[in-house]
Amino acid sequence: MTSNPASASFSALGATAVVVADPAHLGAAVIEVERELDDVDRTCSRFRVDSDLSRLNDAAGAWTSVDDLLVVAVDVALRAARVTDGLVDPTIGETMLGIGYDRDFAAIVVNGPALGSAPSWISEPTWRLVEIRRDRRQIRVPRGVRLDLGATAKALAADRAAVRAATATGGGVLVSLGGDIAVAGASPDGGWSVGIADDHRASPEPGETIAIVSGGLATSSTTVRRWSRGGLPVHHIVDPRTGLPADEVWRTVSVCACTCVDANTASTAAIVLGDEAPAWLMRNGLPARLVRRDGAIERVGGWPERAAA
Amino acid sequence: LPPTGDGGALAPPIAPPVSQPVPVGPPVTSGGS
């Protein structure tokens, strides 16, 4: 792996995709990443009426034959629910509709009616009721429940795309999907540089660039994908225990893990956990950087201190 | 290519991240999306 990788970016899965690789491998890596992201979009998007996920959500409780990739994606989403005791819950699809996130974010109604003090879309945790017949590639979702794989599918896509591109090219590859990052293969000398910010479209904060050599890095933030209902701000990270956007103890949480899926699962859970998040992250041995609403930063689990200027 | 194990817990990275005073390579930012 050269120390001077090159990059290419394009739109995918409602986000900006960035591929970084040795210049000699970049073109081939991009092709592999695009193929993987097309596969994920075709099977796992809740905004495409022809996706396997939409067919499953519309099946009214019936067993539904789906693509292998959706079986994997639902497996991953249910594992995320298990390891977080339901803090990251793929069965909040109806809740997402209830708070107004009912279409691709670019087309969302920015100002809508108030949510109400006792939202009727709250339901008991239902992720344990999702069933998979792996040998038949069939899934059943309880009637009235809609899966939303938003918390894990993009991270899974990054993990799979990075492995696929690295395998195809024989070189190291970094894939970023809207700031959720996976790396595979040999890393550049000194590791892959990644800056940290509230918004992946922004420049990194001074001194807050880190290097990783394997696995994944994800950031969840309540500062993006915001809209309003009844004049009050709403964001996209829902606390499954209340059915409402999570309290904003942390505006942004970044986590490093063995995969982008685990990193994103942990960063999402940390936003939902609020004040309990630092201890939970440390118990899981996960390096993390948490930013309070006022900008105060906490680093846990081996996340490095800010670099000196 | 299932990259995640079926483990019952979230897994940390093989090596922890390190601070990098001078970024190397193309700019990549991890942030909310």
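When I say that two residues are in contact, I mean that they have heavy atoms within 4.5 Å of each other. Please also keep in mind that what we are looking at is a predicted model.

The buried residues of H1 in chain A pack against strand S1 (6-12), strand S2 (15-21), helix H2 (52-57), helix H3 (68-83), helix H5 (153-169) and strand S7 (173-177) of that chain. Among those buried residues are A:Leu26, A:Val30, A:Val33, A:Leu37 and A:Val40, and the list also includes A:Glu32, A:Glu36 and A:Thr43. As for its length, H1 of chain A has 19 residues and reaches 26 Å from its first C-alpha to its last, which is close to the 27 Å expected at 1.5 Å a residue.

After H5 of chain A comes A:Gly170, which has a positive phi, near 75°.

Stepping back to chain A as a whole, we have seven helices and 18 strands, and buried residues make up 58% of its 309 residues. If we take the contacts in chain A between residues at least 6 apart in sequence, 61% of them join residues at least 24 apart.

A:Ala60, in the loop between H2 and strand S3 (64-65) of chain A, has a phi near 55°, a positive value in a residue other than glycine, and it counts as partly exposed because its relative accessibility is 38%. A:Asp85, in the loop between H3 and helix H4 (93-98) of chain A, has a phi near 50°, again positive in a residue other than glycine, and A:Asp85 is exposed, with a relative accessible area of 70%.

Now to the interface. How many residues of chain B are in contact with chain A? There are 31 of them, and they are in contact with 64 residues of chain A. Between them the two chains bury about 3500 Å², with 60% of that on carbon and sulfur atoms. The count of salt bridges between chain B and chain A is zero, whereas 12 residue pairs are found in polar contact across this interface. On the side of chain B that touches chain A, the elements giving two or more residues are strand S1 (18-19) and strand S2 (29-32) of chain B, and S2 of chain B gives the most, with four residues. The residues on that side divide into 18 nonpolar, 12 polar and one charged.

I would like to finish with B:Ser30, which lies in strand S2 of chain B. Is B:Ser30 buried or exposed? B:Ser30 counts as buried, because its relative accessibility is 0%. The side chain of B:Ser30 reaches the backbone oxygen of A:Gly179 at 2.8 Å, and it also makes a polar contact with the side chain of A:Thr219, at 2.7 Å. Leaving aside neighbours within four places in sequence, the residues in contact with B:Ser30 include A:Ile181, A:Val194, A:Ile196 and A:Leu217.

Definitions and conventions:
Residues numbered from 1 in each chain as written. Chains lettered and ligands numbered in written order. Predicted model: local features only at pLDDT ≥ 70, side-chain atom pairs only at ≥ 80, totals over all residues. Heavy atoms only, no water. Expected span 1.5 Å × (residues − 1). Buried < 20%, exposed > 50% of the residue type's maximum accessible area, 1.4 Å probe, protein only. Buried area = accessible area lost by both parts, 1.4 Å probe. Salt bridge = Lys/Arg side-chain N within 4 Å of Asp/Glu carboxyl O. Polar contact = N/O pair within 3.5 Å; in protein donor to acceptor, adjacent residues only side chain to side chain. Nonpolar A, V, L, I, M, F, W, Y, C, P; charged D, E, K, R; others polar.
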